[in-house]
Amino acid sequence: MTVLTVVTDSPEGRHALAAGVQEATLLGVDLLVANLTLGALDVSALPPDLRVTIVERHGGGDRDPVRAVLDEVADHPDVDRLVICVRRRSPVGKVLLGSVSQQLLLDSPVPVLAVKIPS
Amino acid sequence: MTTHDTTPSSERPALPPDTRGPHSQRLGLIVVVATFGGLLFGYDTGVINGALEPLKRDLGLTAFTEGFVVSILIFGAAAGAIVGGYLSDRRGRRHNILMLAVIFMIGTIGCVLAPSWPVLALFRFILGLAVGGASATVPVYLAEVAPVERRGGLVTRNEVMIVSGQFAAFVINAVIFNVWGEVDWIWRVMLIVALLPAVALFVGMLRMPESPRWLVAQGRDDEALAVLKQVRTDERAEAEMDEVHRLADEEAASKTAGTTDLSVRWIRRLILIGAGLGIFQQFTGINSIMYYGTQLLGDAGFSDSAAIIANTLNGLFSVLGILVGLALINRIDRRRMLIGGFALTTTFHLLVGLSALLLPDGTAKAYFILVFVVAFVFCMQGTIGPLVWLILSEMFPLKIRSLAIGISVLVLWLANALVALAFPPVVEAIGISSTFFIFVALGLAALVFVHRTVPETRGRSLEELEAQFRRDYA
């Protein structure tokens with residue numbers, strides 16, 4: 001059993017990482033982190049007893065972040081929960097750039113835990 | 001996706017030195033042949049400068065159709081850079097350069113035989129596709145064939161070949177114009193000369209190997225090793241395969257991010273800065289001199305045959321500028337050199353404008369304008385010209401580099417085309433002096449832009465840069 005959390009380059013991404021850690025700790029399982037940012041992810045501050053594996057996007061096949069995450073779910077049959085952080089998006093923004101969260105919510109084969117940054 | 005690798009990638013085994021031998025000659029030949037692509041790039045963009053006067057009379061061009069015929073090659077280059085980059089990844093560098101050589105030939109012959117300006121424009125667009133394709137393929141091919149110690153130098157050689165191609169076009173045009181006189185169809189003779197390097201590129205490239213890095217990226221390791229053994233010692237070739245794999249992997253990584261990643265503010269901001277660099281490099285008007293220099297000098301007061309000779313100085317100082325610039329480029333901080341460059345070019349724009357405005361018509365005025373234009377060309381090619389390309393290659397995070405450079409280069413070509421399109425009608429409408437005062441205003445805007453936004457990339461790692469961008473723009 002593993003929790004997969006999706007980390008983007010935003011406050012939501014950091015919150016998703018925290019929520020993923022919490023969920024994995026709660027369930028007592030390993031954490032898989034999909035790094036959607038374009039840089040390295042700092043995981044030094046995570047609890048030392050939690051087993052964390054980071055997967056990076058690599059190459060044109062991972063260009064679409066939604067596909068990259070869903071491929072990861074398919075590759076890891078032990079993943080049975082997806083943790084994401086959602087935020088309100090303007091309709092124009094969604095049309096222009098799409099909504100990663102919305103597609104993950106609709107297309108994920110495993111249950112999705114969608115958290116929000118407390119206002 | 002790939003699982004995280006925690007070992008630092010900087011620990012690489014040292015390669016055996018690249019000793020000289022029969023393979024060095026082979027590599028030298030490859031460089032000479034491939035840089036014919038750069039030479040053609042320069043020749044085909046420069047040849048219009050000098051051919052334009054007889055061409056205008058022969059085909060009855062107005063200021064607008066003149067700008068159209070000149071700039072459509074650059075619009076073609078913008079399209080060619082995108083398509084060429086894509087095709088060179090799909091079909092291979094060698095295949096792409098061969099195809100480009102054929103397009104260079106078709107475009108040249110079509111332009112030479114064009115009975116009217118719309119036909120000329122069509123074939124100049126086709127020629128532009130080849131120019132853009134060459135700009136996207138030749139430096140990549142050279143970098144992938146060269147040993148790591150000589151990589152920078154060989155890629156630089158292509159840049160020198162581009163301006164040398166322009167210089168060669170200016171000189172050959174001046175000779176043809178002054179020897180065979182003012183026959184209106186003389187421009188066709190000027191244009192057909194470009195067929196020679198295109199044929200040389202095609203014939204030469206037939207005997208050149210494919211890029212080893214591209215072969216590795218296709219999973220064709222045996223062929224890649226065979227190519228490496230042609231251009232390295234056997235020992236070095238074996239040792240270098242790991243390096244080639246690493247670089248192929250890095251290149252794949254550079255294509256990771258796509259348009260979705262533009263939702264991140266600091267990345268969007270960084271790409272805007274890259275695009276801004278491309279725009280301001282072209283808004284110095286360097287290519288208005290490279291395409292319309294002869295006409296400009298004619299307007300300044302030179303006779304037609306003197307203007308075309310004086311214009312060769314633009315080509316000469318363009319080459320000298322690049323050579324000086326490349327010698328300085330790693331000794332001075334990028335920002336300092338860029339700001340210094342824009343300060344110099346803007347000053348010379350101002351001096352050209354003031355000379356055109358204040359001096360009485362005559363030989364003295366013509367020579368003053370010539371000196372200031374040549375000084376502008378020298379300063380531009382010695383600083384902003386090569387620097388912008390270098391900064392673009394350094395400033396983006398690896399994972400989005402391919403997309404970010406693609407966008408910046410596209411914008412750069414479009415800005416180039418816009419200046420080429422607008423220059424003749426603007427000069428006709430408001431004169432040389434006011435046109436150069438517009439360049440002064442654009443130069444001042446460039447100074448503010450560079451001072452406020454462009455990051456210093458010299459001697460800094462990508463991680464440091466990224467941390468700064470996040471801090472500044474997030």
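Which residues in α1(B) meet which residues in α5(B)? I am working from a predicted model here.

Entry 1, α1(B) against α5(B). On the α1(B) side I listed Leu27(B), Ile30(B), Val31(B), Ala34(B), Thr35(B), Gly37(B), Phe41(B), Asp44(B) and Thr45(B). Their partners in α5(B) are Arg124(B), Leu127(B), Val131(B), Ala134(B), Ser135(B), Val138(B), Tyr141(B), Leu142(B) and Val145(B). I sorted this contact into 12 nonpolar, 4 polar and 2 charged residues.

Then I checked the geometry. Helix α1 of chain B covers residues 22-46 and helix α5 covers 117-145; their axes come within 9 Å and cross at roughly 150 degrees. Angles over 145 count as roughly antiparallel, so that is what I call α1(B) and α5(B). I noted their crossing as left-handed.

I moved on to helix α6 of chain B, residues 151-180, whose axis comes within 9 Å of that of α5(B), crossing at roughly 155 degrees. This pair is therefore roughly antiparallel too, but α5(B) passes α6(B) in a right-handed crossing. From α5(B), I found Val138(B), Pro139(B), Leu142(B) and Ala143(B) meeting Arg151(B), Leu154(B), Val155(B) and Asn158(B) of α6(B). That contact divides into 6 nonpolar, 1 polar and 1 charged.

Entry 3, chain B against chain A. I counted 22 residues of chain B in contact with 22 of chain A. The buried area comes to about 2100 Å², with carbon and sulfur atoms giving 55% of it. I also got 3 salt bridges between the two chains. One of them joins Arg470(B) to Asp9(A), with the closest N and O atoms 2.9 Å apart.

How values were computed:
Residues are numbered from 1 along each chain as its sequence is written. Chains are lettered from A and ligands numbered from 1 in the order in which they are written. This is a predicted model: local features need pLDDT of at least 70, side-chain atom pairs count only at pLDDT 80 or more; totals for chains, interfaces and linings use all residues. Side-chain values use heavy atoms; hydrogens and water are left out. Axes are lines fitted to C-alpha atoms, for helices over the stretch in contact, and angles run from 0 to 180 degrees between N-to-C directions. Helices (H or I, at least four residues) and strands (E, at least two) are DSSP runs, numbered from the N terminus. Angles under 35 degrees count as roughly parallel, over 145 as roughly antiparallel, 65 to 115 as roughly perpendicular and the rest as oblique. A crossing is left-handed if the near helix is turned anticlockwise from the far one by less than a right angle, and right-handed if clockwise. Contact means heavy atoms within 4.5 Å. Ala, Val, Leu, Ile, Met, Phe, Trp, Tyr, Cys and Pro count as nonpolar, Asp, Glu, Lys and Arg as charged, and the others, Gly among them, as polar. Buried area is the accessible area (1.4 Å probe) that two parts lose on being put together, summed over both. A salt bridge is a side-chain nitrogen of Lys or Arg within 4 Å of a carboxyl oxygen of Asp or Glu.
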